[in-house]
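This report concerns a single protein chain and its fold. Please consult the sequence and the coordinates shown below while reading.

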Amino acid sequence: MYHSRDSSGSLITILILVGVLLLLSLIQGCSSSTAYNNGICPYCGGAYQFKETVGHRYSTHYIYVCNKCGNLIESSTYFNPPGKNN
Ligand SMILES: [Zn+2]
């Protein structure tokens with residue numbers, strides 16, 4: 001009887017897959033919104049300016065450049081430029 005051995009093996013595979021997916025979603029969630037930092041550059045305190053839209057195969061990304069030090073970030077979320085909200 002090898003049925004029990006097979007089922008435990010697939011259970012471990014599923015657990016590993018779930019773990020990897022959770023890890024990937026955590027990494028992606030962190031990188032998108034914290035990089036923009038509400039439009040303030042964490043290195044010099046300058047303001048991020050919208051530069052261009054980059055189309056990837058499955059998604060669209062937005063490039064922002066700091067107007068003081070030129071630090072470049074790529075975000076999967078479009079942010080309204082600061083000062084244009086009101
Ligand atoms: Zn900067």
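In which loop does Asn 38 lie? Asn 38 belongs to the loop between H1 and E1. The model is a predicted one, in which local features need pLDDT of at least 70, side-chain atom pairs count only at pLDDT 80 or more, and totals for chains, interfaces and linings use all residues. Residue numbers start from 1 along each chain as its sequence is written.

**Overall architecture**

Helices (H or I, at least four residues) and strands (E, at least two) are DSSP runs, numbered from the N terminus. Of the 86 residues, 6% count as buried. A residue is buried if 20 or more other C-beta atoms lie within 10 Å of its own, exposed if 12 or fewer, and partly exposed in between, with C-beta atoms placed from the backbone. Two residues are in contact if their C-beta atoms, placed from the backbone, lie within 7 Å. Among contacts between residues at least 6 apart in sequence, 39% join residues at least 24 apart.

**The loop between H1 and E1**

Helix H1 spans 3-36, and Pro 42 is found in the loop between this helix and E1. Asn 37 is placed in the loop between H1 and E1 as well. Phi of Asn 37 is near 55 degrees, a positive value in a residue other than glycine. Asn 38, likewise not a glycine, has a positive phi of about 55 degrees.

| Residue | Other C-beta atoms within 10 Å | Class |
|---|---|---|
| Asn 38 | 10 C-beta atoms | exposed |
| Pro 42 | 12 C-beta atoms | exposed |

Pro 42 and Asn 71 are 29 residues apart along the chain, and their C-alpha atoms are separated by 9.4 Å.

**The sheet**

The three strands form an open sheet in the order E1-E2-E3, with antiparallel pairing. Its edge strands are E1 (48-55) and E3 (72-75), each of which pairs on one side only. From one strand to the next, the twist averages 25 degrees; axes are lines fitted to C-alpha atoms, for helices over the stretch in contact, and angles run from 0 to 180 degrees between N-to-C directions.

Two strands pair if DSSP finds at least two bridges between them. E1 and E2 pair in the antiparallel sense over seven bridges, and they form a hairpin with four residues between them. Strand E2 (residues 60-66) pairs with E3, again in the antiparallel sense, over four bridges. The hairpin of E2 and E3 has five residues between the strands, and Gly 70 in its turn has a positive phi of about 80 degrees. Tyr 62 in E2 stands opposite Thr 53, and Tyr 62 also stands opposite Ser 75 in E3.

**The nonpolar core**

Which residues make up the largest nonpolar core? This core has five residues in all: Cys 41, Tyr 48, Tyr 64, Cys 66 and Ile 73. A nonpolar core is a set of buried Ala, Val, Leu, Ile, Met, Phe, Trp, Tyr and Cys residues joined through C-beta atoms within 7 Å. In soluble globular proteins, nonpolar side chains tend to be buried together. Neighbours within four places in sequence aside, Cys 66 is in contact with Cys 41, Cys 44, Gly 46, Tyr 48 and Asn 71.
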